[in-house]
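Please work through each task before reading its solution.

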Amino acid sequence: MKAFLDVVFSIFWKDLLAERRTREILGTMLVFALTVILIFVFAFDLSVEMRSKAAPGVIWVTLCFAGTISLNRTMSLEKDREGFDALLLAPVDRTAIFFSKALVNWIYLLITAAILLPVYALFNNVNLFNGGIAGVVLLGTLGYILTGTLLSTLSLQLRTRDMLLPVLLFPVLIPLLLAVVRASTILLQGGIEGELSTWLLLLAGYDLIFMALGIIIFDKIIEE
């Protein structure tokens, strides 16, 4: 297990150092996400109540589209630099590659969320700061990244991978998006406590399913 974790964090650290030099992926994600939020703020003259009701949908749609930037570029850069060939030649468990790529993309998305939520709260006078929202963000972004990492690897060999990834990804994300939006709405607007537990369990189950799928089939996908 220690050797496996060492490989995961070695690849993870390599990607972070590369991003630190270029600031290509995270910077693009932040600019995109903030632009979408500012367009929403200034394009629609909504009351505070309506902005609060719209918050879950706007935030999660923004995070999902910003996340596709990370998923596409992380895999594309690795392929263009022939990094995948080196990783496949290394005597390491292929699953470690999956978890390292998922981890670095998750960090990018969490940083984006950590900046996006306060900006939305500031411009829309909506309180988004509570432990429940933080938990939903952690579970929701994790499920999104696990799914996206698997599907971005699947589409890696295709010439139209940048356009194809959203087409493959978003239909699969429907249960996740439904769960995160409903859970966020209940936390912000109030609702039945038992219903919140149901959505959180659905989120946790979704994460576990795609984590298991990654462990089972990632090595077969990446070697094709």
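**Exercise 1: aromatic pairs**

Seven aromatic pairs are found in a search of the whole structure. The model is predicted: local features need pLDDT of at least 70, side-chain atom pairs count only at pLDDT 80 or more, and totals for chains, interfaces and linings use all residues. Residues are numbered from 1 along each chain as its sequence is written, and side-chain values use heavy atoms, with hydrogens and water left out.

Task: Classify the ring pair of F42 and F123.

Solution. Rings of Phe, Tyr and Trp (its six-membered ring) pair if their centres lie within 6.5 Å; planes under 30 degrees apart count as stacked, over 60 as edge-to-face and the rest as tilted. The centres of F42 and F123 are 6.3 Å apart and the planes stand at 70°, so this pair is edge-to-face. The pair joins distant parts of the chain, 81 residues apart: F42 lies in helix α2 and F123 in helix α5. Helices are DSSP runs (H or I, at least four residues), numbered from the N terminus.

**Exercise 2: exposure**

Task: Assign F42, buried or exposed?

Solution. Buried means under 20% relative accessible area, exposed over 50%, and partly exposed in between (1.4 Å probe, protein chains only). F42 has 64% and is therefore exposed. F123, at 38%, is partly exposed.

**Exercise 3: a second pair**

Task: Classify the ring pair of F98 and F99.

Solution. Their ring centres are 5.3 Å apart and their planes are at 70°, so the pair is edge-to-face. Both F98 and F99 are buried. Together with F218, they form one aromatic cluster.

Methods. Helices (H or I, at least four residues) and strands (E, at least two) are DSSP runs, numbered from the N terminus.
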